[in-house]
Amino acid sequence: MIKGEYLKNTDTMELLIGEKLAKFLGVDVGDKVVITLSQAKTGTLSQEMFRVSGIFKMKNKEMDTNMAFINLKKGQEIMAIGDNFHEIVIKFKNKQDLLNPPTDLLNEYSLNDNQFLSLKKLVPAIDAGIQFTNYSLYIG
């Protein structure tokens, strides 16, 4: 967090936004932003107004430019998914698993129309950066 506060553990209308996205939109902490989401099952558009509670910087252009966070309960309500989830993040102890998750995890979490994506598939620029670094180290 570079400015403001993290989300509170409630269903309030708070929004965390990446630094570059905040600059692009011309918003700051305390400003209001309208978020438009597509409901998961019907595709119907939902709009809600949120107040920017904090601005983050992850030192990753894609995340700082394209990501915003809202409280879980409010997101579930807007997307009309009840107590279900749209996305789950897994933290690995072994860094190699981050780029190439074990097959048993891929199989377990890819059931019932779910999709399990590794970080390199989710954010291809990360994989490209790692490959470039490895190539540079090989030359040096």
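The model is predicted, so local features need pLDDT of at least 70 and side-chain atom pairs count only at pLDDT 80 or more, while totals for chains, interfaces and linings use all residues. Residues are numbered from 1 along each chain as its sequence is written, and side-chain values use heavy atoms, with hydrogens and water left out.

**Hairpin**
- Strands β3 (residues 32-38) and β4 (residues 45-56) pair in the antiparallel sense over seven bridges; pairing takes at least two DSSP bridges, and strands are DSSP E runs of at least two residues, helices H or I runs of at least four, numbered from the N terminus.
- Ser 38 has Leu 45 in β4 as its bridge partner.
- Six residues lie between the two strands, and Gly 43 in this hairpin takes a positive phi near 80°.

- Beyond its neighbours within four places in sequence, Ile 78 is in contact (heavy atoms within 4.5 Å) with Leu 37, Gln 39, Ser 46, Glu 48, Phe 50 and Ile 70.

**Phe 85**
- Phe 85 sits in the loop between α3 (72-78) and α4 (95-99).
- The relative accessible area of Phe 85 is 53%, so this residue is exposed (buried is under 20%, exposed over 50%, partly exposed in between, with a 1.4 Å probe and protein chains only).
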